[in-house]
Amino acid sequence: MSRPDATPRFSICTLVTDGTQHGAMRASFAALGFDAPVAEFLTVDNTRGNRRCAYAGLREMLLAARGEHAILCHQDVRLLEHDARTLADRLAALTARDPDWAVAGNAGATEDGELRLRISDPHGEDRHIGPLPARAASLDENFLIVRRETGILPSPDLRGFHLYGTDLCLQARCAGRTAWVVDFHLRHLSAGRVDRAFLAEQAAFERRWGRRLGRAERIRTTCTKLTLRAGLVSEVVASLRLARRRARLAT
């Protein structure tokens, strides 16, 4: 998989809060073929506090990346049996099937709200839900692939550490592109967490995208249900939904 021009195929971009975690993640990638000249590793150092949020930090790394594809992943993912060749083959097959794809991942939900997964995590071992590849309306943030030639970037006017996978899917849609869940099995050490900070970011996300699209819309993700807010009815529905979730967190 070496490149004649020494340009890496993959740029692996990670926000780092724990150097030990990131070192283990990087070792698991290198052991399965994600090393020079196939891959480069880019980081934003948040070990002394959150210097960059996910939207700003990943945007920064995407703009600096040299690879054909940028992998945006959490520091607590570990590769298992699927290697760099497997991912390259999956993406080549996806391009043959849909030349307009821009973003892919290993977990997400379809426009009909059905989950599509290929992951091991605290929720279950070797979870494979639904036929893959599958068109996605949202993607989980544990492992994302951005096709760099499309120019897709996280929204510059959103902040935080959540829902940027869905943001990238919506960016792709606005650009006439598509998003997909693909069969790439890895382990994510975290089960994910929905707390008050997450719900505050969800409300901001719903308002931002509702205004941009100019219509109300519902999108399922792997951990929540979004109501993009455009007009009084969707504002009330979304606010009530989040109020109920905040109440459940308090119990």
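In which strand is Asp-126 found? The legends below begin with that residue.

**View 1. Asp-126 and its backbone.** Asp-126 is found in strand β8. Its phi is positive, about 50 degrees, although Asp-126 is not a glycine. Strands (E, at least two residues) and helices (H or I, at least four) are DSSP runs, numbered from the N terminus. This is a predicted model, in which local features need pLDDT of at least 70 and side-chain atom pairs count only at pLDDT 80 or more, while totals for chains, interfaces and linings use all residues. Residues are numbered from 1 along each chain as its sequence is written, and side-chain values use heavy atoms, with hydrogens and water left out.

**View 2. Two cis peptide bonds.** Pro-37 sits in the loop between α1 (19-30) and β2. Another joins Leu-132 and Pro-133, with omega about 0 degrees. Pro-133 lies in the loop between β8 (124-129) and β9.

View 3. Strands count as paired if DSSP finds at least two bridges between them. β9 and β12 (residues 178-181) run antiparallel and are joined by two bridges. Ala-134 stands opposite Val-181 in β12.

View 4. Axes are lines fitted to C-alpha atoms, for helices over the stretch in contact, and angles run from 0 to 180 degrees between N-to-C directions. α4 packs with α5 (residues 196-213) at about 5 degrees, their axes 12 Å apart. That makes α4 roughly parallel to α5 (angles under 35 degrees). The contact (heavy atoms within 4.5 Å) involves Thr-166, Asp-167, Leu-170, Gln-171, Arg-173 and Cys-174 of α4. From α5 come Phe-205, Arg-208, Trp-209, Arg-212 and Leu-213. By class, the contact has five nonpolar, two polar and four charged residues. Ala, Val, Leu, Ile, Met, Phe, Trp, Tyr, Cys and Pro count as nonpolar, Asp, Glu, Lys and Arg as charged, and the others, Gly among them, as polar.

**View 5. The largest pocket.** Its volume is about 1000 Å³. On a 1 Å grid over the protein atoms alone, a pocket is an open set of points with protein on both sides within 12 Å along at least five of seven lines; a cavity is a set where a 1.4 Å probe fits but cannot get out; lining residues have an atom within 4 Å of a point. Of the 38 lining residues, His-74, His-162, His-188, Ser-190 and Gly-192 are the closest to the pocket centre. β1 (10-16), α2 (54-64), β3, β7 (115-121) and α5 each supply at least two lining residues. β7 gives the largest share, four residues. The lining divides into 17 nonpolar, 14 polar and seven charged residues.

**View 6. The cavity.** The whole structure holds one cavity of 30 Å³ or more. The largest cavity has a volume of about 40 Å³. Its lining is Leu-139, Asp-140, Glu-141, Leu-163, Thr-166, Thr-221, Thr-222 and Cys-223. By class, that is three nonpolar, three polar and two charged residues. For volumes, grid points are joined across faces, edges and corners, and the space filled by probe spheres set on the points is taken.

Terms used: Parallel < 35°, antiparallel > 145°, perpendicular 65-115°, else oblique.
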